[in-house]
Amino acid sequence: MEQSATLDIETLKITQEQFILASQSLHLQRPGCDAVYPVGLYGWRKRCLYFFLLLLLVTMIVNVALTVWIIKVMNFSVDGMGNLQLKQDGIRLEGISEFLLPLYVNEIQSRKDSLLVLRSEKNVTLNARNDHGQLTGQLTVGPEAVEALCQRLEVRSKDGGQLLFTANEEEVIMTTQKFTVTGLEGAVFGHSVETPLIQARASEDLKLESPTRTLTMEAPRGVEVSAAKGPLKVSGRKDLQLESTEGEILLDAKTIQLGSLPLGVYTESPNRASQEQAVFEVCVCPSGKIYLSPAETSSTCQAMSNICLWS
């Protein structure tokens, strides 16, 4: 036991001596170094750095100047850019706007004190599509014609309530109180026309004509042709037929004149010349043909009935 304790004390003394020697060696002066290495940029490296910094500063100044110039020229503001203003309900454009590509909008509206004008060098086309992108309606305003492609075309009054004109594949309906045609040649209809009244303007003539076919007027309750302040003329190149299947034909006037009626001749002696007559009687053949016969003390229709033989 005594020997082990002695060894421990000696070991501790050796350790303390090593610690003291190591501490003293830290305070010893190291030999000086003769080589000196400078730290930093010198020469052409320094000049290149300053040049790049100056170039970067000039570029930033030019960019800022260009940005300010663009903002000034384009008139950028919080509401929009120049004539283009961004609103909560859409976009507002002032002046003339030009679109090089198709424009897709929900509504186009002009100002209250100006008109809405759409201009194009070729044509202006308005398209309407459904949710699947299929074309449902098209309006094309071209240099030669205005074309509308839709299932039904409607024209309404300014308040949007009254329907004035409608057209589809089957019929065309006009619901206005008056339809006026002012052309010199009038109106040409290829098929039938259904209307309650055909009337000419004041102090103008009304003419109904079918150049190559027949002219037919039909009505379930009657057809009235009247001229309140002038003559009524009905003419035909061939036959003019007045027919009533169940009623009668009434000619009611102060004077009824039948012009260019044929004059009958005597059947017994055809060569007998009729004397100058101032009064004639009107004769009717069984076929309904009317002719004239010289008036005498008695009827001469039987003697002048050769007209009936020719009919």
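**Strands, sheets and a pocket**

A: In this predicted model, T140 has E147 of β6 standing opposite. Strand β5, residues 135–141, and β6 are paired in the antiparallel sense, and four bridges link them. Both strands belong to an open sheet of three strands, ordered β4-β5-β6, in which the pairing is antiparallel. Because β4 and β6 (146–149) stand at the edges with a single partner strand each, one side of each has no neighbour in the sheet. On average, neighbouring strands of this sheet are turned by 10° against each other, direction ignored.

From β4 comes the largest share of the lining of the second largest pocket, six residues. Both β4 (124–129) and β3 (90–93) supply at least two residues each to this lining. The second largest pocket has 39 lining residues, and those that lie nearest its centre are F99, L103, I108, L116 and L118. Its volume is about 2200 Å³. By residue class, the lining of the second largest pocket divides into 18 nonpolar, eleven polar and ten charged residues.

The other strand named in that lining, β3, is part of a second open sheet. Three strands make up this sheet in the order β1-β2-β3, with antiparallel pairing. Here β1 (80–81) and β3 are the edge strands, each pairing on one side only. Strand β2, residues 84–87, runs antiparallel to β3 and is joined to β3 by four bridges. Within this pairing, Q85 has R92 in β3 as its bridge partner.

Strand β10 (residues 280–284) and strand β11 (residues 290–294) run antiparallel and are joined by five bridges. In a regular strand, side chains alternate between the two faces of the sheet. In β10, E281 and C283 make up the covered face, whereas F280, V282 and V284 make up the uncovered one. C283, on the covered face, has Y291 of β11 as its bridge partner. The hairpin of β10 and β11 has five residues between the strands, and G288 takes a positive phi near 100° in this hairpin.

How values were computed. Residues numbered from 1 in each chain as written. Predicted model: local features only at pLDDT ≥ 70, side-chain atom pairs only at ≥ 80, totals over all residues. Heavy atoms only, no water. 1 Å grid on protein atoms, 1.4 Å probe; cavity = no way out; pocket = protein on both sides within 12 Å on 5 of 7 lines; lining within 4 Å. Points joined across faces, edges and corners; volume = space filled by probe spheres on them. Nonpolar A, V, L, I, M, F, W, Y, C, P; charged D, E, K, R; others polar. Pairing = 2+ DSSP bridges. Axes fitted to C-alpha atoms, helices over the stretch in contact; angles between N-to-C directions. Buried < 20%, exposed > 50% of the residue type's maximum accessible area, 1.4 Å probe, protein only.
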